[in-house]
Amino acid sequence: MTNTTHPAAKSAGIAASISSAGRVLIVDDNSVNLLLLAKLAESVTGTPAVTFEDPVKAVEWCKVNEPDLILVDFMMPKMNGHDFIRAIRTLPCCDDVPIVMVTTENEKAVRHEALEIGATEFLAKPVDVPECRSRIRNLLALRHAQNLLRDEKKLLQYEVEIATAAIVERERELILRLSKAAEFRDPETGAHVQRMAHYSKLIAKRLGMPASFQQLLLEAAPMHDIGKLGIPDYILLKPGKLTDAEMAIMRHHPTIGANILEGSDIPLLQLGEEIARTHHEKFDGTGYPLGLSGENIPLSGRIVAVADVFDALSSERPYKKAWSPERAKSFLMESAGTHFCPVCVNAFIGAWDEAMEIKSTFTDTETVGY
Ligand SMILES: [Fe+2]
Ligand SMILES: [Fe+2]
């Protein structure tokens, strides 16, 4: 687990919590009491308290500020202490801030109700100065501990997010390198892999698949021919037509690819395995290696089949000239329902302009990272 920026973040967070654990809000309609309590609070914290004679304004202030301790009178016009506490406890930033209600000794029922709705402590009127100071000190210490805990929790969440992102990034890098290793043995170009991956994503998008699936498909499609690592050079690099025996060996590449990728709990590799195994299946059941047909072929395999063949046809290879995009498109349409899934063909043709943009972006002489 990397830990480079965390100590700074941690100390900054803790410093913030220490400095913020001293803001006292005092609400009392009696200006003399307000001043007395403010002086007491300042003698403990060393910083001026925030004071309001009007509880409604104090609630408004709390909507954009976060006090560390609130002292509130009970008997006030507009809003009594109970109503004030209720309003404060609905604010996300104040749901656990300590609240001290200042009441006269004989208001037992008032105290009980205040406890019910979220008061933390009481101070009796007239205020006893030493008692008030130690209450303020103790409750600010409690608040400080709460802030520390909250910061630790945030820090842990942050560390988990960083670590998870690093793992995902490493998975991607490994897969990219694995695909590159396969490219070294495959006469097909890196640009082919990028174009067919983007065509695949485009088809998935056109079919209304979730963005997460589109992205996974973009990253998994380059692994479709990874099984060619297991095909001998005399077949893989043969310039002419393969014999039946050579073709039989070549047809093992989907299974070899699936075997390389199988057994992983990483979603990207799982999809890569599915694509490697099924990208040569045909909609009418005449494909290989399993002879699956129709929707028994996973959607990823049906999509990649369209994207892969279209790109192979419309690109130049050592043994053939490139077909024009229009000719390759006609081939897809003629083969919809036999070789290809018709829904996937329609989706691809429906996004023709975007497909042509992909074709011109990833050319055989110039590759752009995805
Ligand atoms: Fe293949
Ligand atoms: Fe391919």
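**View 1. Who touches Asp-73?** Leaving aside residues up to four places away in sequence, Asp-73 touches Val-27, Asp-28, Asp-29, Gly-81, Val-102 and Lys-125 (contact means heavy atoms within 4.5 Å). This is a predicted model, where local features need pLDDT of at least 70 and side-chain atom pairs count only at pLDDT 80 or more. Residues are numbered from 1 along each chain as its sequence is written, and side-chain values use heavy atoms, with hydrogens and water left out. Asp-73 sits in strand S3 (residues 69-73); strands are DSSP runs (E) of at least two residues, helices (H or I) of at least four, numbered from the N terminus. Asp-73 is buried, with a relative accessible area of 3% (buried means under 20%, exposed over 50%, partly exposed in between, with a 1.4 Å probe and protein chains only). An unreviewed UniProt entry marks Asp-73 as "modified residue: 4-aspartylphosphate", though such annotations may be inferred rather than shown by experiment.

**View 2. Helix H14 meets helix H16.** The axes of H14 (residues 325-334) and H16 (residues 352-361) come within 12 Å and cross at roughly 130° (axes are lines fitted to C-alpha atoms over the stretch in contact, with angles from 0 to 180 degrees between N-to-C directions). That makes H14 oblique to H16. On the H14 side you'll find Pro-325, Glu-326 and Lys-329, meeting Trp-352, Met-356 and Lys-359 of H16.

**View 3. The buried residues of helix H15.** In H15 (residues 342-350), the buried residues are Cys-344, Val-345, Ala-347, Phe-348 and Ile-349. They pack against H7 (190-206), H13 (299-313), H14 and H16.

Terms used: Chains lettered and ligands numbered in written order. Parallel < 35°, antiparallel > 145°, perpendicular 65-115°, else oblique.
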